[in-house]
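We will walk from one stop to the next, with a few words on what to find at each.

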Amino acid sequence: MNEIKVLWVDDEIDLLKPHIIFLENKNYKVTTAQSGTEALEELKINNFDIVFLDENMPGLSGLETLQELKEIHPTLPVVMITKSEEEYIMEEAIGSKIADYLIKPVNPNQILLSLKKNLDHSRLVSEKTTSGYQQEFRKIAMDLAMINSIEEWTDLYKKLVYWELELENIDDSGMFDILESQKSEANNEFCKFIDKNYSKWFQQGAEAPTMSHTLFKDKIAPIVENEKTLLVVVDNLRYDQWKAFEPFLQSSYKKSSEEMYYSILPTATQYARNAIFSGLMPSEMEKLHPDLWLNDTDEGGKNMHEKEFLEAQLQRLGLKLNWSYHKISSLKQGKRLSDNFKGLKNNDLIVVVYNFVDMLSHAKTEMEVIKELASTDKSYRSLTQSWFKNSPLLDIIQEASRMGFKLIITTDHGTINVKNPTKVIGDRNISANLRYKTGRSLTYEEKDVLVAKNPKEIHLPSITMSSSFIFAKSDLFFAYPNNYNHYVSYYRNTYQHGGVSLEEVIIPFVVMDAKK
């Protein structure tokens with residue numbers, strides 16, 4: 001360990017000689033000062049890693065010294081030591097951003113613990129996290145060989161995200177590379193699981209997860225029947241992104257439950273989100289609501305009728321509610337809803353669809369500056385977190401808490417950072433999405449895709465009699481042979497959705513209670 005320099009400020013410093021000898025034996029270099037003035041002089045000429053500061057000293061008090069010290073070195077950790085347990089002194093010290101607070105008499109081990117907590121924290125956490133993941137790695141590897149149920153895949157994905165969030169804060173990039181490799185292996189196995197089981201989930205009496213088209217009936221309706229509810233659907237929100245901004249809700253809401261549900265295929269907005277609001281699969285929407293449903297090759301917006309779909313579903317479920325629907329696609333729309341939100345206090349259900357994360361993923365494809373800011377999953381999470389912290393959506397949620405509304409946060413599908421191209425050929429009516437294709441005469445690499453030759457089996461509409469669907473596996477994306485290299489370099493390392501991956505399919509459904 002490199003020698004750590006400690007400045008210890010106390011007007012009775014001679015009484016602390018045993019403590020100082022103890023620290024020096026532990027390889028800490030301790031400089032002493034007997035007053036605030038002497039300490040500030042030391043700080044002007046020497047660099048220190050941490051300061052222990054007595055609160056009760058003649059001349060400059062500890063709090064006065066702290067204030068001047070912070071002006072000289074705003075980031076230097078300071079541990080306040082005091083005989084007093086008066087609350088106002090603690091509040092003053094904490095308000096001045098001290099690193100720790102100790103009450104006299106202190107023993108050497110308390111001092112050592114404070115040093116380790118404040119100076120060795122990152123290393124100790126990094127070592128513990130690395131050790132924890134190394135043990136978990138073997139367990140996850142064994143689970144992958146045996147996993148064969150909806151619940152097991154949900155648990156495994158949550159575990160992978162947990163370790164991804166833990167490892168992003170440590171310095172050992174090798175561990176992160178191992179996790180990425182394990183996530184890739186998990187995605188390959190998950191694609192096999194979906195290929196084998198997805199079509200079975202639609203058979204009568206089959207054991208199926210909650211999916212897009214059953215989410216409202218199974219999970220949301222029982223809540224809104226009994227409590228005033230704000231339902232927020234954040235488009236394109238992955239589980240790791242939800243975990244990144246969850247802490248910002250803790251002041252206004254407490255979590256009642258956190259579940260995962262499965263997006264239908266394709267994991268694309270026009271399919272999955274319309275399925276949530278209609279309570280129907282796409283082929284049923286096409287049949288029952290031909291005036292509201294548009295296929296991939298039809299002209300016009302594909303998610304223009306969510307309100308009408310929801311209205312029809314509420315009638316079908318016999319739910320007589322006072323409700324409203326709001327789609328937010330810009331900062332201006334978000335602020336307008338935030339400003340007028342109190343006017344919705346008599347509603348039983350307020351539905352807010354927020355499109356920011358989807359816009360962010362598209363912007364990453366089209367704008368170089370966003371590519372720089374969101375070049376990895378870690379930075380993509382960070383950007384989502386920064387947006388949420390400063391968004392009208394957070395204001396809306398906080399106001400809903402004050403109004404006593406229950407909160408549901410969910411999404412329609414996730415997204416994945418695509419890295420590897422796979423070639424596809426089709427006629428000019430083939431759909432444009434990079435993660436799924438539908439049309440006639442599709443030519444593709446069989447090992448890279450899940451195929452639905454008969455779309456009706458998985459309740460998808462057929463554009464023509466001979467249309468099929470293909471879904472890209474894991475982190476693949478479809479590229480045409482024409483102008484192949486340009487196409488690949490443009491879309492590689494962008495966030496896409498529509499295919500089959502843990503990130504796109506297994507998505508959060510969170511219920512929260514307003515804090516009184």
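This is a predicted model: local features need pLDDT of at least 70, side-chain atom pairs count only at pLDDT 80 or more; totals for chains, interfaces and linings use all residues.

Residues are numbered from 1 along each chain as its sequence is written, and side-chain values use heavy atoms, leaving out hydrogens and water.

**Stop 1: the sheet.** Select residues 229–234 and 349–354: these are strand 6 and strand 9, paired in the parallel sense over six bridges. (Strands are DSSP runs of E, at least two residues, and helices runs of H or I, at least four, numbered from the N terminus; two strands pair if DSSP finds at least two bridges between them.) T229 has L349 as its bridge partner in strand 9. Now widen the view to the open sheet of six strands, with mixed pairing and the order 7-19-10-6-9-8. Strand 7 (253–262) and strand 8 (323–328) each have a single partner strand, so one side of each is left without a neighbour in the sheet.

**Stop 2: helix 14.** Next, select residues 331–340 and colour G334, L337 and S338, which are buried, meaning under 20% relative accessible area; exposed means over 50% and partly exposed in between (1.4 Å probe, protein chains only). The three cover an arc of only 100 degrees around the axis, which puts them on the same side of helix 14; the arc is that of the directions from the helix axis to the C-beta atoms. Turn to the face away from the buried side to find K332 and D339, both exposed. Strand 8, strand 9 and helix 18 are among the elements covering the buried residues.

**Stop 3: K183.** Which residue forms a salt bridge with K183, with closest N and O atoms 3.2 Å apart? Select E164 to see this partner. A salt bridge here is a side-chain nitrogen of Lys or Arg within 4 Å of a carboxyl oxygen of Asp or Glu. K183 lies in helix 8 (173–197) and E164 in helix 7 (150–167), so the pair ties together parts 19 residues apart in sequence. K183 is buried at 8% relative accessibility, and E164 is buried at 2%.

Stop 4: Finally, select R402 and E399, joined by a salt bridge of 2.9 Å, N to O. R402 is exposed at 61%, whereas E399 is buried at 13%.

Terms used:
Contact means heavy atoms within 4.5 Å.
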